[in-house]
Amino acid sequence: MNFKTSPPTTARIVLIEAGPRIMPALPENLSEYVRRTLAKKRVEVMTSSRVMSCDAHGVELDHGRLDAETIIWAAGVVASPAARWLDAEHDRAGRVKVGADLSVPSHPEIFVVGDTAAVTDQPSIPGTAPAAKQMGRYVGRLIAARVAGMPSLPPFLYRHAGDLATVGRHAAVVKLGQLELTGFLGWLFWSVVHIYFLIEVRDRFIVAFTWLWDYVTFQRGARLITEVPPAQRN
């Protein structure tokens with residue numbers, strides 16, 4: 001038992017989603033699987049609810065208030081201020097609008113990649129690591145071609161490999177083309193893919209061993225300080 005004075009079963013966890021369903025990028029059947037899995041884990045899913053403001057004691061929704069002592073924001077962050085640095089045109093989220101070769105229209109020698117970039121002719125590119133890696137590789141090849149005096153490359157084209165998400169122990173969803181996996185198979189597939197794409201071989205072994213140990217022993221890798229010793233109190 002990690003929290004002897006605060007049993008997790010006494011906590012109320014509410015997941016608030018502004019849209020009509022959670023994980024809208026996934027097919028509706030996989031989105032529903034995630035909702036059911038969270039419900040089994042005692043997580044209340046509240047859809048079609050917009051958060052208007054937050055304070056120290058809860059959140060204001062568009063249809064009422066929800067009191068809470070702990071608030072975790074997972075709906076995205078503000079984009080990098082690169083647009084302001086470059087004095088470049090940007091979208092509503094603050095991302096720099098770039099051309100088909102990921103360069104700033106007014107500065108063809110400057111490239112913007114990752115979630116700081118808004119590709120004008122491909123608005124659906126997600127702000128994720130796989131997309132950023134594809135952009136980085138493209139810009140690297142483009143710069144090398146320019147230095148070598150070779151013809152310019154074709155416009156950047158994002159290739160979506162698929163969607164993977166874990167929802168806890170033995171629960172995950174996988175969508176790769178026509179392939180859809182859920183439950184233990186999805187969780188196992190997600191784990192293998194996550195480890196495979198780690199850059200260093202050493203990191204792969206460390207993560208694999210740590211996950212295997214946690215899986216066998218049911219131990220958690222994180223610890224929270226829930227009480228401060230009297231001698232350290234102000």
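Residues are numbered from 1 along each chain as its sequence is written, and side-chain values use heavy atoms, with hydrogens and water left out. Because the model is predicted, local features need pLDDT of at least 70 and side-chain atom pairs count only at pLDDT 80 or more, while totals for chains, interfaces and linings use all residues.

**Whole chain.** Switch to the C-alpha trace, which spans about 65 × 50 × 40 Å along its principal axes.

**Burial.** Colour by relative accessibility next. Of the 234 residues, 25% count as buried (under 20% relative accessible area; exposed is over 50% and partly exposed in between, with a 1.4 Å probe and protein chains only).

**Loop between E2 and E3.** Select Ser48, in the loop between strand E2 (43–46) and strand E3 (51–55). Phi of Ser48 is near 50°, a positive value in a residue other than glycine. Ser48 counts as partly exposed because its relative accessibility is 45%.

**Loop between E10 and E11.** Move to His170, which lies between strand E10 (163–168) and strand E11 (171–176). His170 is not glycine, yet its phi is positive, near 65°. With a relative accessibility of 33%, His170 counts as partly exposed.

Methods. Helix = DSSP H or I, 4+ residues; strand = E, 2+ residues; numbered from the N terminus.
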